[in-house]
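This report is for a reader new to the structure shown below.

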Amino acid sequence: MWRVDVDLPGRPYPVLVGPGVRKRLGEVLPPGVRRLALVTQASVPWTLPDELPVARFEIPDGEVAKSLAVVGELCGRFARAGITRRDAVVGLGGGVVTDVAGLAAALYHRGIPVVHVATTLLAQVDAAIGGKCGVNLPEGKNLVGAFWQPAAVLCDTETLRTLPAAELRSGRGELAKYAFLGVGDLETRSIEEQVAACVAVKASFVVADEREGGRRALLNYGHTLAHALEAEGLADGRPLRHGEAVGVGLAFAARLAAHLGRIDGEDGDVVAAHLRVLHALGLSERLPAGADCARLVSLMARDKKATDGLTFVLDGPAGLEVVPGVPAEVVTEVLASHPREPAPRNGDGPER
Ligand SMILES: NC(=O)c1ccc[n+]([C@@H]2O[C@H](COP(=O)([O-])OP(=O)(O)OC[C@H]3O[C@@H](n4cnc5c(N)ncnc54)[C@H](O)[C@@H]3O)[C@@H](O)[C@H]2O)c1
Ligand SMILES: [Zn+2]
C-alpha cells in the first residue's frame, strides 16, 4: 500500500493507494462518526466493509447525474434518513460520484465530512483528490461547485478489475497529462505505483495552490480543447470520454505551442514526446472525424477559464504556463491542420 499525504495547512488528509484499501475506511474516518451516507451508482459493483452502519443512496449514471437537482434531491434524502452533522458522506465510484457526493457533503448542514473511495482510474489519479467538486448547468460543464476537501481518499486499485476498457482508456488520458507535469517514467511501474505517483503530483499542486489562483491551473493541461470536444460530443450525441478528449487536447496544446514559437517546430522533439506518451498509453491524438473547427473554437472561447481571449496551458522555455489571449485565428489554423480520425465508411458505427 502507498500513502500520500495532502498536506494542507491545518487539515491534512491521507490518500491510500493499493488493492483492497477500501477495507481501511474505518481507519480514516474522522473520530466520532456514527453513520455513513454512502453515495454510489447501481453500476459500481463494489461495496464498503459491512461492519460500518451505512445508509445507501444511489444516483443516476453519467454526466446527467451532475446536476443541482440531483444534489438537492440527495440532500433531501439525507435529511429523511436522519443523517446529521456527526455522520459522514462516502462517495464510492468514479468522478461523477465523487463530484456529486463532494458537493452534497459541502452543502448539507453547511458541510459534513466526506471520504472518497475512488473506483475509476480517472477518479483515483484526479477527480477524487484536491477538494474540487462541481455539477453542470445547461449553460456549461462544472459551472457550479465548491472547494470541499475530503477527510481521506481511498484509491482501491482492486476495483479497477471490473472497470470497462473504455473507462480505463479514459483514465489513461489523465495519466498522460501527469507525464508532462513531472510524474516521471510511468511505463515501468505497476498500476499502484502509477496511481500513487500521479496522486503525489496532484497533491503537490493542490497544497501549493488550493483555490486554483495560479499553479493548480496547470492541471488543466490539455483541457481547453478537451472540454470543447466533450461539449461538442454532448451536443451531437457522440460523447468523447473525458480522458480521451484530454489526450487529443495534449497533442493539440503541444502543436499550438510549437506554432506560437514557444517550443521547437511542429515536427520537433516536444511534439513527438507528446505523441509517444499518448501512443504508449493506447490513446489517439486525432480529432473525431466530424469535428467542426469553428464550433470548437467558439466553445473554447466560452470555457470558464477564458477570461482574456482563448486561454491554454502551453509548454515554453520556462515549462508549462497559463497563456491567455491566444488569437482565435491561430487556434483555428492549428486545429484545421490537426490529424483526424478517418470518416466512418457507410454502415460503420462510431468507434468509441
Ligand atoms: N472534481 C475534479 O477535480 C474532477 C477532475 C477530473 C474529472 N472530474 C469529473 O469526473 C467525471 C468523470 O469521471 P469518471 O471518468 O470516473 O466517470 P464516471 O464516474 O462516469 O464512471 C464511469 C462509469 O464507470 C462506472 N464505474 C465506476 N467504477 C467502476 C468499477 N470499479 N467497475 C465497473 N464500473 C465502474 C460508473 O458507474 C460509470 O458508469 C467528469 O464529470 C469530470 O468532470 C472531476
Ligand atoms: Zn481532467
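The text below takes the domains and then a helix.

This is a predicted model, in which local features need pLDDT of at least 70, side-chain atom pairs count only at pLDDT 80 or more, and totals for chains, interfaces and linings use all residues. Residues are numbered from 1 along each chain as its sequence is written, and chains are lettered from A and ligands numbered from 1 in the order in which they are written.

The domain assignment, which is automatic or from a database, gives two entries.

| Domain | Residues |
|---|---|
| domain 1 | 2-164 |
| domain 2 | 221-336 |

Taken over C-alpha atoms, the centres of domain 1 and domain 2 are 30 Å apart. Four residues of domain 1 are in contact with seven residues of domain 2 (C-beta atoms, placed from the backbone, within 7 Å). On the domain 1 side, strand E8 (residues 140-147) gives the most, with three residues. Helices (H or I, at least four residues) and strands (E, at least two) are DSSP runs, numbered from the N terminus.

Helix H7 (residues 223-236) has 14 residues, which at 1.5 Å a residue should span 20 Å, and the 20 Å between its end C-alpha atoms agrees. The expected span is 1.5 Å times one less than the number of residues. H7 is largely enclosed by the rest of the structure, because 11 of its 14 residues are buried (20 or more other C-beta atoms within 10 Å of the residue's own, all placed from the backbone). Among them are His223, Leu225 and Gly233. The cover over the buried residues of H7 includes E8, helix H8 (242-259), helix H10 (293-302) and strand E10 (310-314). After H7 comes Gly237, with a positive phi near 80 degrees.

Notes
Two residues are in contact if their C-beta atoms, placed from the backbone, lie within 7 Å. A residue is buried if 20 or more other C-beta atoms lie within 10 Å of its own, exposed if 12 or fewer, and partly exposed in between; C-beta atoms are placed from the backbone.
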